[in-house]
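Open your viewer and get ready to click along. We will go from stop to stop, selecting a few residues each time.

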Amino acid sequence: MLEDLRALRERLCAELHAITSLRELEEFRLRHLVRRGTVGQLRERFRQLPAEQKPIVGRELHALEATIRQLYNELRQRLEAQAEEELTVDLSLPGRRAFLGGRHPIQQVLDEIVHIFTRMGFAVAEGPDIEDDEHNFTALNFPPEHPARDMQDTFFITPDRQILLRTHTSPVQIRLMRALKPPIRAIVPGRVYRNEEINPRSLAEFHQVEGLVVDRTTSFAELKGILIAFAQQLYGARTEYRFRPSFFPFTEPSAEMDIRCFLCHGAGCRVCKGNGWLEICGCGMVHPAVLRNGGVDPETYIGFAFGMGIERIVMLRLGLDDIRLLYQNELRLLRQFR
Ligand code: PHE
């Protein structure tokens, strides 16, 4: 039997060496290492040996089993590691998509608004974020004691409060009138800054789109017509709207435009603060003093202007309840709105 054991050891070693896959290894195990396999049968034969042969043969049998099991385990580990590596290059898997950048939701809405107005004949203009008191307040007819001139609302850059971050896009009205001869028909998208407490509803930095029309003949009716056409394109053809009288130093008369809250359809909810309407923009006929400050003769020309905030529109679109989400560059959020 000793002879058999040695021959068997060689045969099993050779078999193991020839194995190249886990499947073959499993077949090897079932053939040799289970109770009814080769090794099990050897144990059976061993049990029937005469007692005096048992110590020598037993040692040999034990050594054989230990060697084969060790080789078997090593091979198994190697093949398993290899199989895992092969899994990582599974050519049948679909390709990995490269993530392309996208336009930010705020930019998407801005682009859409610009598109609607350019179709109605408006040009697109821009102005500087850093303004002076003259353009941001004085030329727009703000009286010296107006609350917007207070530290509370405005970020001043110089201690004399002459240079500041613009608090609205209206100073570009002055720049346009001073730079161009009427007729003027322009919109101005841009960033504005206010010294506000940062919370779910307001930020210290946001976007507005300003509109300005100056011509020999225009009217409050045209202003309304343009804003209604705009609202119906942006919010839907059946959008309900209303104009309320309001006040701005640079327009007279002034109004604010509301649309029906499209979340609760007028029933009253958290978004419209319970009154069923959402304010979307301020507007009015350009004040004669402002035309004059812009170098435009109010006897010959008449104008209207409007201004709207963008972030609110984006939040309603996206169903966000916290404006700060728009400024966190959170890819999990942004990727949903490409
Ligand atoms: N500038 C005003 C604001 O920031 C909006 C506005 C613009 C009102 C133009 C009337 C005309 O609230």
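## Stop one: the ligand

Select Arg-194 and the ligand: an N or O atom in the side chain of Arg-194 is 3.0 Å from an oxygen atom of the ligand. This is a polar contact, meaning a pair of N or O atoms within 3.5 Å; within protein, one must be able to donate a hydrogen and the other to accept it, and residues adjacent in sequence count only if both atoms are side-chain atoms. Before going on, note that this is a predicted model, where local features need pLDDT of at least 70 and side-chain atom pairs count only at pLDDT 80 or more, while totals for chains, interfaces and linings use all residues. Residues are numbered from 1 along each chain as its sequence is written, and side-chain values use heavy atoms, with hydrogens and water left out.

For His-168, look for a nitrogen atom of the ligand, 3.1 Å from a polar side-chain atom. How much of the ligand does the protein bury? Taken alone, the ligand exposes 330 Å², and the protein buries 89% of that (areas by the Shrake-Rupley method with a 1.4 Å probe; for residues, only the protein chains shown count as cover).

Next, select the 14 residues that surround the ligand, each with a heavy atom within 4 Å of it. Colour them by class: five are nonpolar, seven polar and two charged. Here Ala, Val, Leu, Ile, Met, Phe, Trp, Tyr, Cys and Pro count as nonpolar, Asp, Glu, Lys and Arg as charged, and the others, Gly among them, as polar. Strand S9 gives the most to this shell, with three residues.

## Stop two: the sheet

Show the strands (DSSP runs of E, at least two residues; helices are runs of H or I, at least four; both are numbered from the N terminus). Seven strands form an open sheet with mixed pairing, in the order S1-S4-S5-S9-S8-S7-S6; strands pair if DSSP finds at least two bridges between them. Select 251–260 to find S7, which runs antiparallel to S8 and is joined to S8 by eight bridges. Arg-260 has Trp-277 in S8 as its bridge partner.

## Stop three: a helix

Finally, select Arg-6 and Glu-3, which form a salt bridge with their closest N and O atoms 3.8 Å apart (a side-chain nitrogen of Lys or Arg within 4 Å of a carboxyl oxygen of Asp or Glu). Both sit in helix H1 (residues 2–18), three residues apart, so about one helical turn separates Arg-6 and Glu-3.
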